[in-house]
Amino acid sequence: HGHYIDAGFTLPFYKQLLGRRCTVEDMENVDPAFYKSMKWILENDVTSIFEDQTFTIDHDSFGRHCEYELLPGGKDQRVTETNKKEYVDLYVEWRLKNGTEQQTGALQKASTKSFPNTCSQLLTRKSWS
């Protein structure tokens, strides 16, 4: 209602608001250590390292250990050299969305009312920088 919000968000957050998929490259400035780990997985042979790794993530939340499947049946699907990109893509998506789906959804709904679809299509990564 005519109020200006002087706030900056990260590029991945803007992409989520616009319904665009985030990539591992988007994580470089958000979480450099996570970015380096994911890039290492993509650039190296993980065959001997990921012998027991499945499409799951172990996560501690408020002192409680939780295991999340990155896709249905993820606990039964091993990460291999062939499917490691899918694993990284799903991990990045989970990392960005974990615990914020409801808030991001509300902002996304509000932003689509404020910005017509044609305006959001004009935004590019270069224009966000």
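In this predicted model, tyrosine 68 is partly exposed, with a relative accessible area of 26%, whereas tryptophan 94 is buried, its relative accessible area being 16% and thus under the 20% limit that defines burial. The rings of these two residues have their centres 5.4 Å apart and their planes at 45°, so the pair is classed as tilted. Because tyrosine 68 belongs to strand S2 and tryptophan 94 to helix H3, the contact ties together parts that are 26 residues apart in sequence.

Strand S1 (residues 56-61) pairs with strand S2 (residues 64-69) in the antiparallel sense over 6 bridges, and threonine 56 stands opposite glutamate 69 in S2. The hairpin has 2 residues between the strands, and phenylalanine 62 takes a positive phi near 55° there.

A search of the whole structure finds 6 aromatic pairs. In one of them, the ring centres of phenylalanine 34 and tyrosine 91 are 5.0 Å apart and the planes stand at 75°, so this pair is edge-to-face. Since phenylalanine 34 lies in helix H2 (residues 32-43) and tyrosine 91 in helix H3 (residues 84-97), the pair ties together parts that are 57 residues apart in sequence. Both phenylalanine 34 and tyrosine 91 are buried.

Conventions. Residues are numbered from 1 along each chain as its sequence is written. This is a predicted model: local features need pLDDT of at least 70, side-chain atom pairs count only at pLDDT 80 or more; totals for chains, interfaces and linings use all residues. Side-chain values use heavy atoms; hydrogens and water are left out. Two strands pair if DSSP finds at least two bridges between them. Helices (H or I, at least four residues) and strands (E, at least two) are DSSP runs, numbered from the N terminus. Rings of Phe, Tyr and Trp (its six-membered ring) pair if their centres lie within 6.5 Å; planes under 30 degrees apart count as stacked, over 60 as edge-to-face and the rest as tilted. Buried means under 20% relative accessible area, exposed over 50%, partly exposed in between (1.4 Å probe, protein chains only).
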